[in-house]
Amino acid sequence: WIYLQNYDDWNGECVFGMYTGGYGAFQLTGGDSDGPDSAYYYHSGGYYTLSFSAGDIVEDQWHHLALQRTGSTLQLFIDGVKEDEATSATSDFSGGDTFYVGAFDANPSHTPLEGYLDEFRVSKGIARYTEDFTPETSAYTADEYTALLLHMDGSDDGTTFTDSSWTSSSSYVPRHTITANGDVTNTRAQSKVGDSSI
């Protein structure tokens, strides 16, 4: 779930990324100061533009955003509606570098997301959406395909972000250590699921 503020139509807003050694990123872009009308998905093999209608993502509202790859097809869903797809023949995110949420590296000149995120999930080995769907408004439950799961539930102004991804059927051990970069914090000012977002 994403809540944009002060959208920068020149530089776009980065949702996630990994910059070096098999880099990739997913960035909302285009449109005007009221919101984007396209997204760039790019990695070491090239970049792809996924288009949608102006007004599908507007400032100061929560929107469900899902990007998935099934086979060689990239698909973008906004609020449960498939907006566009493209063919990507290159394996993505093959490097072992830091994965950023709300940015694609630590360089402040590369525009980070300005706004809020809630219920951030990375899945591997499954295409969760095959057609239009109604987005869940409750917390995701981890399964064997969940590679990263951030509920964004923490104390106000807190900088502890727990990975709730699934590790086995009988035990839970956080798979990844999440470190705050810059001034990102939990906040009770906005939330879509639970009592806070980041």
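This briefing covers the sheet, the nonpolar cores and the salt bridges of the structure above.

The model is predicted: local features need pLDDT of at least 70, side-chain atom pairs count only at pLDDT 80 or more, and totals for chains, interfaces and linings use all residues. Residues are numbered from 1 along each chain as its sequence is written, and side-chain values use heavy atoms, with hydrogens and water left out. An open sheet of 5 strands runs in the order β5-β4-β3-β2-β10 with antiparallel pairing. The largest nonpolar core has 26 residues, and the whole structure holds 3 salt bridges.

**Sheet**

- Helices (H or I, at least four residues) and strands (E, at least two) are DSSP runs, numbered from the N terminus. Two strands count as paired if DSSP finds at least two bridges between them.
- Strand β4 (residues 38-43) has 5 of its 6 residues buried. Buried means under 20% relative accessible area, exposed means over 50%, and partly exposed lies in between (1.4 Å probe, protein chains only).
- Strand β3 (residues 24-29) pairs with β4 in the antiparallel sense over 6 bridges. Within this part of the sheet, Gly 24 stands opposite His 43 in β4.
- β4 also pairs with strand β5 (residues 46-51), again antiparallel and over 6 bridges. Here Ala 39 stands opposite Leu 50 in β5.
- β2 and β10 pair in the antiparallel sense over 2 bridges. The bridge partner of Gly 17 in β10 is Tyr 100.

**Nonpolar cores**

- A nonpolar core is a set of buried Ala, Val, Leu, Ile, Met, Phe, Trp, Tyr and Cys residues joined through side-chain atoms within 4.5 Å. In soluble globular proteins, nonpolar side chains tend to be buried together.
- In the largest core, of 26 residues, those with the most contacts inside it are Ile 2, Phe 26, Leu 28, Leu 65 and Leu 76.
- At least two residues of this core come from each of β1 (2-4), β2 (13-18), β3, β4, β5, β8 (73-78) and β13. The largest share, 3 residues, comes from β8.
- Neighbours within four places in sequence aside, Phe 26 is in contact with Glu 13, Cys 14, Val 15, Phe 16, Ala 39, Tyr 40, Tyr 41, Leu 65, Leu 67 and Leu 76. Contact means heavy atoms within 4.5 Å.
- A second, separate core has 6 residues, among them Ala 66, Tyr 129, Tyr 140 and Leu 149.

**Salt bridges**

- A salt bridge is a side-chain nitrogen of Lys or Arg within 4 Å of a carboxyl oxygen of Asp or Glu.
- Arg 128 and Asp 143 meet in a salt bridge at 2.9 Å, N to O. Both residues lie in the loop between β12 (120-123) and β13 (146-150), so the pair ties together parts that are 15 residues apart in sequence. Arg 128 is partly exposed, at 24% relative accessibility.
- Lys 82 forms a salt bridge with Glu 85, with the closest N and O atoms 3.1 Å apart. Lys 82 is partly exposed at 36% relative accessibility, and Glu 85 is partly exposed at 40%.
- Asp 195 and Arg 188 form a salt bridge in which the closest N and O atoms are 3.7 Å apart. Asp 195 is partly exposed at 40% relative accessibility, and Arg 188 is partly exposed with a relative accessible area of 43%.
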